[in-house]
Amino acid sequence: MDKETVIKQEILKLSIEIASLRYDFDQAREQGLSYSFTSLIARELCEKERIKRALELGNFKDLPYNVKLLFKES
């Protein structure tokens with residue numbers, strides 16, 4: 001696979017994770033769970049959104065991992 005395809009797949013994966021975290025956060029708030037629990041979900045959500053935005057903008061230096069790890073060498 002080429003670089004653009006791999007990056008797009010990673011962005012899609014992150015989009016799914018973000019949607020799931022948003023749902024979890026909303027459910028936690030509705031159920032009145034503790035601040036510490038909802039805070040953990042919110043932090044994870046923010047981190048995933050930050051990584052997704054860095055990939056979308058091509059700002060690979062802001063990633064918590066080397067972007068080359070996404071590419072499989074054949």
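**Notebook: helices, cores and salt bridges**

I began with lysine 52 and glutamate 56, which stand four residues apart in helix α2 and are therefore separated by about one helical turn. The model I am reading is a predicted one. I found that the side chains of lysine 52 and glutamate 56 meet in a salt bridge, 3.9 Å from N to O. I noted lysine 52 as partly exposed, at 21% relative accessibility. Glutamate 56 is also partly exposed, with a relative accessible area of 36%.

**Entry: helix α2**

I checked the length of α2. Its 23 residues, at 1.5 Å a residue, should span 33 Å, and the end C-alpha atoms lie 32 Å apart, which agrees. I then listed the buried residues of α2: Thr38, Ser39, Ile41, Leu45, Lys48, Ile51, Ala54 and Leu55. The cover over these buried residues includes α1. After α2 comes glycine 58, where I read a positive phi near 75°.

**Entry: threonine 38**

Is threonine 38 buried or exposed? I found a relative accessible area of 10%; this is under 20%, so threonine 38 is buried. Setting aside neighbours within four places in sequence, I recorded contacts of threonine 38 with Phe25, Ala28, Arg29 and Leu33.

**Entry: the nonpolar cores**

I looked up the largest nonpolar core and found 10 residues: Val6, Ile7, Ile11, Leu14, Ile51, Ala54, Leu55, Leu63, Val67 and Leu70. Helices α1 (3–30) and α2 (35–57) each supply at least two residues of this core. The largest share, four residues, comes from α1. Apart from this core I found another, of five residues, including Ile18, Leu21, Ile41 and Leu45.

I noted nine salt bridges in the structure. One of them joins the side chains of lysine 13 and glutamate 10, at 3.5 Å from N to O. Because these two residues are three apart in helix α1, about one helical turn separates lysine 13 from glutamate 10. Lysine 13 is partly exposed, at 40% relative accessible area, whereas glutamate 10 counts as buried, at 12%. I also traced a network of salt bridges that links Glu10, Lys13, Glu17, Glu44 and Lys48.

Finally I looked at arginine 29 and aspartate 26, whose side chains meet in a salt bridge of 4.0 Å, N to O. Both residues lie in helix α1, three residues apart. Arginine 29 is exposed, at 54%, and aspartate 26 is partly exposed, at 37%.

Terms used:
Residues numbered from 1 in each chain as written. Predicted model: local features only at pLDDT ≥ 70, side-chain atom pairs only at ≥ 80, totals over all residues. Heavy atoms only, no water. Core = buried A, V, L, I, M, F, W, Y, C linked by side-chain atoms within 4.5 Å. Buried < 20%, exposed > 50% of the residue type's maximum accessible area, 1.4 Å probe, protein only. Contact = heavy atoms within 4.5 Å. Expected span 1.5 Å × (residues − 1).
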